[in-house]
Amino acid sequence: MEYHNKLVLAPMVRVGTLPFRLLAAEYGADITYGEEIIDHKMVKCERKVNEYVGCTDFVEKGTENIVFRTCNEERNRVAFQIGTSDAVRALTAAQIVCNDVAAIDVNMGCPKSFSISGGMGAALLNKPELIHDILTTLKRNLSCPVTCKIRLLKSSQDTVELARRIEKTGVSALAVHGRRVADRPKDPAKWSEIADVVSALSIPVIANGDVFDYGDFKRIRAATGASSVMVARGALWNASVFSPEDKVHWEKVKREYVRKSILWENDVKSTKHTLKEMIMHYSCLELPEGKSVIKSENLADIAQLYGEERYYQFVNENRFSAYGSRDELL
């Protein structure tokens with residue numbers, strides 16, 4: 001995995017599933033992070049090749065619960081992000097999936113209470129010894145690149161000191177979200193403090209925060225000196241943010257996401273969540289479209305809502321056909 005001059009899809013819970021990752025890549029994302037998967041859940045999984053859909057699933061043993069789904073099309077660019085607070089458990093989880101992804105990333109920036117209460121995400125920022133233990137354990141035992149994603153600490157100096165300690169573990173890159181744990185999305189990202197980290201390290205730094213248009217990729221790189229740029233909300237609202245051409249209308253992007261959800265049999269709850277996030281940015285869930293998404297019970301309902309009934313039928317009929325190929329379905 002190369003981390004220089006890359007456009008990166010950020011990890012987003014319930015959004016960064018296979019269809020959305022492929023959508024972002026189609027528009028130009030070079031690296032696509034999956035949603036954070038907690039190590040406790042991943043260690044309960046077994047790898048299964050899903051010939052019916054054409055993908056590889058990591059399924060919780062004794063259930064039909066698909067924890068992570070990937071495919072050959074994204075093998076060289078997908079980063080698997082782990083939520084962890086224990087080096088041995090993180091390694092066990094990573095070893096299950098590492099041969100099917102391009103890199104392993106450790107979440108050290110999530111400010112949500114479920115992460116912090118479990119000692120994961122941003123809770124790790126105050127535990128440099130544990131960070132060192134987790135990252136060195138992964139680096140020592142995995143052949144794929146290992147990275148992590150952090151937030152800013154109370155002062156720029158504190159962030160730089162932590163980043164230097166992380167660099168010494170041998171990670172391939174460090175992603176820095178330009179906000180502190182207490183900051184909210186409405187608070188401006190502090191690009192200048194990302195720049196402080198960049199100037200202090202020799203490994204690639206991926207800058208994250210307040211990237212909403214293609215032009216922002218150039219602006220944040222100029223302001224920070226970062227090797228690569230990561231985008232979250234900007235991609236969620238319109239995945240064509242990665243395209244150097246004019247943005248595609250969000251309605252078209254949304255339809256493309258629906259088609260990919262159908263093609264890859266995405267979990268309907270995940271599909272609905274992503275669609276609702278898209279709708280809320282441009283419109284309102286109280287309007288007919290939003291209400292219909294909320295009421296949808298399966299992908300067939302979603303297909304009907306967005307006028308993709310024929311595509312839904314075509315995909316499902318051809319999954320059974322010995323003559324149906326991935327190219328035909330795509």
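What follows covers the domains, the helix pair and the salt bridges in turn.

This is a predicted model, in which local features need pLDDT of at least 70, side-chain atom pairs count only at pLDDT 80 or more, and totals for chains, interfaces and linings use all residues. Residues are numbered from 1 along each chain as its sequence is written, and side-chain values use heavy atoms, with hydrogens and water left out.

**Domains and their interface**

- The domain assignment divides the protein chain into domain 1 (7-241) and domain 2 (250-329), the bounds coming from an automatic or database domain assignment.
- The centres of domain 1 and domain 2, taken over C-alpha atoms, are 26 Å apart.
- In domain 1, 23 residues are in contact with 22 residues of domain 2, where contact means heavy atoms within 4.5 Å.
- Between them, domain 1 and domain 2 bury about 2000 Å², with 61% of it on carbon and sulfur atoms; buried area is the accessible area (1.4 Å probe) that two parts lose on being put together, summed over both.
- One salt bridge is found across the interface of domain 1 and domain 2, a salt bridge being a side-chain nitrogen of Lys or Arg within 4 Å of a carboxyl oxygen of Asp or Glu.

**Helices α10 and α11**

- Helix α10 (residues 250-263) and helix α11 (residues 268-282) have axes that come within 11 Å and cross at roughly 175°, the axes being lines fitted to C-alpha atoms over the stretch in contact, with angles from 0 to 180 degrees between N-to-C directions.
- The helices α10 and α11 are therefore roughly antiparallel to each other, a term for angles over 145 degrees.
- Among the residues that meet are Trp 250 and Tyr 257 in α10 and Leu 275 and Met 278 in α11.

**Salt bridges**

- The whole structure holds 17 salt bridges.

How values were computed
Helices (H or I, at least four residues) and strands (E, at least two) are DSSP runs, numbered from the N terminus. Angles under 35 degrees count as roughly parallel, over 145 as roughly antiparallel, 65 to 115 as roughly perpendicular and the rest as oblique.
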